[in-house]
Amino acid sequence: MGLLFSGHMDVVPAGDFSKWETPPFEPKIRDGKLFGRGAADMKGGLAAIVRAIESVKNTQLKRGIVFVATAGEEVGFDGLRALIRDGIVKDHEAIYGIIGEPTSLRIVRAHKGGTLFRVTIKGRSAHSSRPELGVNAVENAARFIIGLTDLRKLLRDMRDPDLGFTVLSATIIRGGVKENVIPDSCEIIVDCRRIPHHDQRYISSTLKQIGESLKSGQTGLELTIEEVLSYDALTTSENHPIVKLAEEIVGGKAGVAPYGTEGPLYQKLGIPTIILGPGSVEQAHTVNEYVEIKELHKAEDIYKELIKRVCL
Ligand SMILES: [Zn+2]
């Protein structure tokens, strides 16, 4: 096949409906904009892809088109992972991949990978009047987090020319049972955004070292680290033919994005992929989400031109 077009059909929750000026699940057009949850992220992109494909339905193509509409993208790319696992989307299925996520019609060819870790710390409870009898899981979580911030500084030793530095942060902490009890358990979620130089095994083993050094000083302390979710970096080169072709059609230079997409899963199948779609990522996941109708038409034209150049 020539081109693989991809987009996700799921949306994030609309949150508090009362904050929306229009009902989030009833598309409304006003001032040249279509409002609703998923308008930008990414029903708009899907619609533009479908229209572009429809335009060649009676045309003899030199190379075919694959259209992949996924579910579960917002919760860890579950839908696409299943399609790949079941052999429905295959290795080298197409020469190039296009994902219609909202980029304001700018070309994105690279982004960081990411991993979420769950760190579980188990200690021993005791009456808070006798802390020496317990092993305080919350205080050990605090020590772990200090280790994390040291690691974040260390990771600045390696800078990717496209993507900058690997960063990581503790984003959730849960622990403690009662005001006067030395807590015996605490959980931390660590969100890591990785440059290609740092794979998740490297980060995971470094986190484990922090855990080991905490444990070595104390008996009765347990610390486990699990990977909750992981995705790779997208690294389509700036000189790749699909980047050059898209730049020629769109009339702008390709860049990088701060967020993750399904792109790396296609990349792993040997399908060099770019992200290019209507709507702004600033609209994604917010109230009063919208996409400009004008941009939908432009996206449709860009996709048509890509089809023309690659498939006709
Ligand atoms: Zn999206």
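This is a predicted model: local features need pLDDT of at least 70, side-chain atom pairs count only at pLDDT 80 or more; totals for chains, interfaces and linings use all residues.
**Entry 1**

I looked at one pairing in detail. E3 and E16 run antiparallel to each other over three bridges. Leu34 has Val291 in E16 as its bridge partner.

**Entry 1: helix H1**

I stayed with H1 and listed its buried residues. They are Ala39, Ala40, Asp41, Met42, Lys43, Gly44, Gly45, Ala48, Ile49 and Ala52. What do the buried residues of H1 pack against? I noted strand E1 (3-8), strand E3 (33-35), strand E4 (65-70), E16 and helix H7 (293-311).

Asp41 and Met42 are joined by a cis peptide bond, with omega at about -10°. Most peptide bonds are trans. Met42 belongs to helix H1, which covers residues 39-54.

**Entry 2: two positive phi values**

I went on to the backbone angles. Most residues other than glycine have a negative phi. Ser104 has a positive phi, near 55°. I found Ser104 in the loop between strand E5 (96-99) and strand E6 (108-111). Is Ser104 exposed or only partly exposed? I count Ser104 as partly exposed, because it has 15 C-beta neighbours inside 10 Å.

His285 also has a positive phi, near 70°. This residue sits in the loop between strand E15 (273-275) and strand E16 (290-292). There are 16 other C-beta atoms within 10 Å of His285, so I put it down as partly exposed.

**Entry 3: two domains**

I checked how the chain is divided. Domain 1 takes in 3-111 + 233-311, and domain 2 is 113-231. How far apart are the C-alpha centres of domain 1 and domain 2? I have 35 Å for that distance. Where the domains meet, eight residues of domain 1 are in contact with nine residues of domain 2.

I then picked out Tyr231, which is in strand E12. Tyr231 is buried, because 22 other C-beta atoms lie within 10 Å. I set aside its neighbours within four places in sequence and looked for contacts. They are Phe77, Gly113, Gly114, Gly260 and Pro264. Gly260 is 29 residues from Tyr231 along the chain, and their C-alpha atoms are separated by 7.9 Å.

**Entry 4: the four-stranded sheet**

Next I turned to another open sheet, one of four strands. What is the order of its strands? I traced E9-E11-E7-E12, with antiparallel pairing. At the edges are E9 and strand E12 (222-231), which each pair on one side only. Neighbouring strands here are turned by 20° against each other on average, direction ignored.

I followed the pairing of E7 with E11. It is antiparallel and runs over 10 bridges. Lys122 has Ser185 of E11 as its bridge partner.

Two helices came up here too. H3 packs on the sheet and touches E7, E9 and E11. Its direction makes about 175° with that of E9. H4 packs on the sheet and touches E7, E11 and E12. Its direction makes about 165° with that of E12.

**Entry 5: helix H3**

I ended with H3, which covers residues 137-154. This helix has 18 residues and reaches 26 Å from its first C-alpha to its last, close to the 26 Å expected at 1.5 Å a residue.

Which residues of H3 are buried? I listed Ala137, Asn140, Ala141, Phe144 and Leu148. Down the axis of H3, the buried residues fall within an arc of 105°, so they line one face of the helix. An α-helix has 3.6 residues a turn, so residues three or four places apart point the same way. On the other side of H3, I found Ile146, Thr149, Asp150 and Lys153 exposed.

The cover over the buried residues of H3 includes strand E7 (113-122), strand E9 (167-175), strand E11 (185-194) and helix H4 (200-216).

Key:
Residues are numbered from 1 along each chain as its sequence is written. The expected span of a helix is 1.5 Å times one less than its number of residues. A residue is buried if 20 or more other C-beta atoms lie within 10 Å of its own, exposed if 12 or fewer, and partly exposed in between; C-beta atoms are placed from the backbone. The arc is that of the directions from the helix axis to the C-beta atoms. Two residues are in contact if their C-beta atoms, placed from the backbone, lie within 7 Å. Two strands pair if DSSP finds at least two bridges between them. Axes are lines fitted to C-alpha atoms, for helices over the stretch in contact, and angles run from 0 to 180 degrees between N-to-C directions. Domain bounds come from an automatic or database domain assignment.
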